[in-house]
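Here are my notes on the model you sent. Please read them with the sequence and structure open beside you.

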Amino acid sequence: MSAEAGPPLLEVRDLRTWFETPQGTLRAVDGVSLTLERGRTLGIVGESGSGKTVLARSILNLLPKRAAIPAGGQVLFEGRDIRGLGVREMRRLWGLEMGVVFQDPMTSLNPVVKIGQQLTESLREHAGVGRGDARATAVELLRSVGLPAPERRLDEYPHQLSGGMRQRVTVAIALSCGPKLLIADEPTTALDVTVQRQILDLLQEQQRERHMGMILITHDLGVVANRTDEIAVMYAGQVVERAPTETLFRRLQHPYTEALMGSIPRLEHRSHTPLRAIPGRPPDMVDLPEGCRFAPRCRYAQERCLVEEPPLVDGVLEGHVHRCFFPVGTEAGRRALARNEAAGATAADVVVG
Amino acid sequence: MAGSGTAHLRERDDLVLRVDHLVVEFPARHGATVHAVSDVSFDIAEGETLGLVGESGCGKTTTGRAIMQLPPPTAGSVRLRDTELTELDDRGLRRTRPQLQMIFQDPISSLNPRRRIRDTVAQGLRIWDDQPDDVATRVDKVLYDVGLDPDAVSDRRPHEFSGGQCQRICLARSLVLDPDVLICDEPVSALDVSVQAQILNLLEAMKARYGLTMVFIAHDLAVVKNVSDRVAVMYLGKLCELGPADALYEASAHPYTRSLLAAIPRPEPGTEPADAALPGELPSPIAPPSGCRFRTRCPRATERCAAEEPQMRAVAPDHFVACHFPHTDNQGDP
């Protein structure tokens with residue numbers, strides 16, 4: 001894969017982030033492992049509550065110390081475990097090495113500070129750039145993210161820009177110190193499709209140009225299909241399947257990934273084509289089911305899935321891992337489905353027609 | 001103000017809803033006017049679903065609300081079967097409400113948090129003096145129809161339910177009145193993909209069971225295509241194109257429709273769109289461009305587009321476009 005020597009840019013090992021709640025312990029991220037090399041893009045896909053945002057914030061060490069329990073695992077940034085680092089050291093990392101773009105640019109920008117000042121803050125703080133140089137760099141940055149009339153924008157406030165323009169500004173801020181890692185958490189969810197397209201193009205172009213490692217987090221499989229090298233699918237706090245992008249779409253193996261694909265309305269289908277909806281709802285993260293977390297909604301579920309938790313195992317193709325005893329596209333999977341179809345229901349009493 | 005034409009309106013006996021030259025304007029600061037919807041016309045036949053699609057600010061929600069007379073439009077006509085809604089007084093309008101129901105984007109905030117589900121759903125039936133005596137039975141039946149267990153949910157309150165379940169409750173609240181027309185304003189945009197599919201399938205099933213005619217408003221073209229018979233594409237308060245759902249996607253004629261379709265990220269590798277992204281942003285609805293409102297971002301625009309507003313005209317049977325230079329090639333399977 002990568003010919004570069006040394007440790008990978010980012011390595012997440014068996015990461016667990018839990019929260020103490022009045023209802024009990026909420027296992028938001030529960031045993032996630034990932035690797036990201038420089039110059040590569042990793043997509044993380046999951047529905048709300050799957051733990052993808054907590055995962056991103058755990059990687060960034062951006063979780064409230066009082067609420068979150070680092071229940072185990074490591075986050076290695078260039079080989080160094082950053083999980084235990086204090087705020088001082090993290091500030092340096094956030095400033096210089098890691099950039100982040102969040103979903104809602106209106107809340108991630110300060111409404112009462114001019115664009116220019118927000119943009120140059122970390123440059124002056126971390127890169128030791130003087131006032132005049134910072135302004136010139138800021139203009140350059142705004143131009144590179146495609147903001148028209150950048151000189152004028154520096155003296156404007158966020159509310160004077162449209163949603164798409166604001167997101168361009170947050171991208172510029174994230175890129176200002178030339179980070180090695182860029183995390184984009186649902187960067188286009190609040191935007192219209194034509195603007196989403198512009199912002200995704202921009203992120204991809206900047207990632208390539210700067211040879212950054214990028215993590216693109218989204219609930220939309222369409223967003224990651226053509227813009228990532230590898231994809232991790234999350235469900236109930238775990239990565240249930242991880243594979244190179246091509247492989248995931250051509251030879252997916254986890255029933256949840258299959259079900260997710262089946263529930264997306266497709267443009268190429270005729271109108272009124274019934275969707276293959278996933279029955280039920282994601283589990284209560286405080287009271288997780290025994291065995292496989294997806295089993296209560298899965299078409300393939302057998303008795304074993306209800307009592308034994310499937311470990312992460314290698315799939316058919318290289319670089320492909322999944323958590324399933326009866327994976328899609330294998331003999332075991334075919335038999336499990338045939339058995340459920342014959343019985344009319346799964347071991348968890350989900351009707352299979 | 002120039003019109004967008006009415007060539008796409010049909011002469012049929014089974015029209016349930018007909019919107020003619022609808023204009024909705026709002027006052028803005030310094031005496032300016034927001035032109036939210038400017039001369040939009042369409043009709044919907046019995047049992048049809050019309051999809052209204054476009055990006056934020058295109059006027060699709062305002063159009064939906066103007067049909068409901070919430071608020072009444074600035075000009076134009078909205079006919080529900082033989083009733084002209086814009087001429088009704090408050091009481092007359094309230095009397096027609098049971099025939100014309102609506103569900104919204106955020107199902108949780110459109111339910112009263114303090115009211116039990118049973119009472120929320122029954123409210124529409126109880127509001128009149130002549131309320132039926134089988135309210136409880138009807139409420140149970142409709143809850144069951146939308147996939148909820150009446151015994152388990154009736155006494156609970158909205159906060160105990162997920163977004164998808166709340167949307168089912170909202171749907172039950174509308175359906176209990178046995179409406180003719182259901183207007184759905186972005187009913188699935190706040191939901192996760194797996195739940196979205198459940199609700200879309202449910203809407204299709206309820207449409208058949210309750211004999212509904214629907215207006216389905218959404219920004220996601222794939223979602224709109226899935227449930228609609230005909231689709232109308234809006235841009236900055238105007239109709240661009242209207243046609244059968246399948247034809248509109250296979251042979252879209254308006255450059256804006258093509259840009260929208262090209263911008264949709266597809267869940268298949270190797271489908272990266274070849275065309276460049278649509279440049280620029282939506283112009284202000286306070287001072288919309290002259291002539292064709294899309295011309296400032298259109299790759300095909302000429303001087304004619306600035307001078308003369310395009311009128312709706314047929315490009316194929318039941319397929320209409322408001323453009324001086326429409327695409328005429330079949331784009332086939334994208």
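Predicted model: local features only at pLDDT ≥ 70, side-chain atom pairs only at ≥ 80, totals over all residues.

1. Strand β7 of chain A and its partners. In the parallel sense, β7(A) pairs with strand β6 (residues 98–101) of chain A over 4 bridges. Within that pairing, A:Val101 has A:Ala184 of β7(A) as its bridge partner. Strand β8 (residues 213–218) of chain A is also parallel to β7(A), with 5 bridges between them. Here A:Leu181 is opposite A:Gly213 of β8(A). Together with α8(A), the strands β7(A) and β8(A) make a β-α-β unit, which is right-handed.

2. Is β7(A) covered on one face or on both? Both faces are covered. One side carries A:Leu181, A:Ile183 and A:Asp185, the other A:Leu182 and A:Ala184, and all of these are buried.

3. The antiparallel part. Strand β9 (residues 230–235) of chain A runs antiparallel to strand β10 (residues 238–244) of chain A, and 6 bridges join them. A:Tyr235 has A:Gln238 in β10(A) as its bridge partner.

4. The nonpolar core. The largest nonpolar core has 187 residues, and A:Ile183 and B:Val215 touch the most other members. Leaving out residues up to four places away in sequence, B:Val215 touches B:Ile44, B:Leu50, B:Leu52, B:Gly64, B:Ile67, B:Ile183 and B:Cys184. As background, nonpolar side chains in soluble globular proteins tend to be buried together.

5. The contact between the chains. Chain A gives 39 residues to the contact and chain B gives 37 residues. On the side of chain A, the elements with two or more residues are α8 (193–210), α9 (221–225), α10 (245–250) and α11 (255–262). The largest share, 6 residues, is from α8(A). By type, this side of chain A has 15 nonpolar, 14 polar and 10 charged residues.

6. Helix α4 of chain B. Which residues of this helix (residues 135–145) are buried? They are B:Val139, B:Val142 and B:Leu143. Seen down the axis of α4(B), these buried residues fall within an arc of 100°, so they line one face of the helix. They pack against α3 (117–126), α5 (150–153) and α6 (163–175) of chain B. After α4(B) comes B:Gly147, with a positive phi near 90°.

7. A loop residue in chain A. A:Asp287 lies in the loop between α11 and α12 (303–307) of chain A. Why does A:Asp287 count as exposed? The reason is that A:Asp287 has 10 C-beta neighbours inside 10 Å, and a residue is exposed with 12 or fewer. The C-alpha atom of A:Asp287 is separated by 52 Å from that of A:Arg135, the two residues being 152 apart along the chain.

Conventions:
Residues numbered from 1 in each chain as written. Chains lettered and ligands numbered in written order. Contact = placed C-beta atoms within 7 Å. Nonpolar A, V, L, I, M, F, W, Y, C, P; charged D, E, K, R; others polar. Buried ≥ 20, exposed ≤ 12 C-beta atoms within 10 Å, placed from the backbone. Arc of directions from axis to C-beta. Core = buried A, V, L, I, M, F, W, Y, C linked by C-beta atoms within 7 Å. Pairing = 2+ DSSP bridges. Right-handed = clockwise from strand over helix to strand, strands pointing away.
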